[in-house]
Amino acid sequence: MDSPAQASPSPRFWGLIPCAGSGSRAGADGPKQYQLLAGQPMVMHTLAAFAAVSGIAQLVVVVAPGDEFFTSHAAPCQVAVCGGATRAASVLNGLKFLLRQGAAGNDWVLVHDAARCLVTARQIEALIDVCGADPVGGLLAHKLPDTLKREVGGRVAQTLDRSDKWLAQTPQMFRIGQLMEAMAQSADHLTDEASAMEAIGLQPLLVPGSAQNFKVTYPEDFALAEAVLKARSAVDGGPGTP
């Protein structure tokens, strides 16, 4: 594993977008992050939100070998062709890439799903503001609004208390070196970075996000995301709308 660079006196903030998924659950023709939404490929909306955050030192997108999308699409990011077989592998490879770009182990990285194209610059800035002085870091999340049921054999077995339940979102923001160590100790199937931090005994902060910051996953999600994007464009035309 690459060794984290010497700690910088003033930690910087780096954006990391794993973008190597196939999008199989979306039922789309090709990776879902490149499907058109409101006139642009989905990932371009994601990148626009990060580009509007002045505190991000550099934004890196991790793509799979052979992915040529960014050779024909100008984007406010650097492309790292080091995507892995899983999301966790792509993130870990992306973290190593950041170190080779001059990032330090105590710099912050904000890892964000390419398919969460409705995130806003204000939400990203709120995460940075809240977590920047925290010893662990944290993630955007949304308080569970619905009644939660546990199922056994297709029937309700129990109604669970939802008062302490949150839906994890991204970005998730942690120190690069610490996140690398946590991910190296965790199984490759982890679906988010906070889980890796939890596995080594740390407790990430929960920063209130938005119900609109959902991950476009299933075919019906595309129409909802497009409606939100068009509504925002009609108001102010930008990714900074809350």
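## Aromatic pairs

The model holds 3 aromatic pairs. Rings of Phe, Tyr and Trp (its six-membered ring) count as a pair if their centres lie within 6.5 Å; planes under 30 degrees apart are stacked, over 60 edge-to-face, and the rest tilted. The Y34 and F69 rings sit 4.0 Å apart at their centres, with planes at 5°, so this pair is stacked. The pair links distant parts of the chain, 35 residues apart. Y34 lies in the loop between β1 (13-18) and β2, and F69 in the loop between β4 (56-63) and β5 (78-81).

Y34 is buried at 14% relative accessible area. F69 is buried too, at 11%. Buried means under 20% relative accessible area, exposed over 50%, and partly exposed in between (1.4 Å probe, protein chains only). Y34 also pairs with F70, this time edge-to-face: 6.4 Å centre to centre, 85° between the planes. F70, in the loop between β4 and β5, is 36 residues from Y34. F70 is buried as well.

## Basis of the model

The structure is a predicted model: local features need pLDDT of at least 70, side-chain atom pairs count only at pLDDT 80 or more, and totals for chains, interfaces and linings use all residues. Residues are numbered from 1 along each chain as its sequence is written, and side-chain values use heavy atoms, with hydrogens and water left out.

Helices (H or I, at least four residues) and strands (E, at least two) are DSSP runs, numbered from the N terminus.

## The sheet

Seven strands form an open sheet with mixed pairing, in the order β5-β4-β1-β6-β10-β7-β11. β5 and β11 (205-208) stand at the edges with a single partner strand each, so one side of each has no neighbour in the sheet. The twist averages 30° from one strand to the next.

β1 and β6 (residues 108-111) pair in the parallel sense over 4 bridges. Strands pair if DSSP finds at least two bridges between them. G15 has L110 in β6 as its bridge partner. α1 packs on the sheet, touching β1, β4, β6 and β10 (166-175). Contact means heavy atoms within 4.5 Å.

## Helix α6

Helix α6 spans residues 219-235. Its buried residues are D221, F222, A225, V228, L229 and R232.

How values were computed. Axes are lines fitted to C-alpha atoms, for helices over the stretch in contact, and angles run from 0 to 180 degrees between N-to-C directions.
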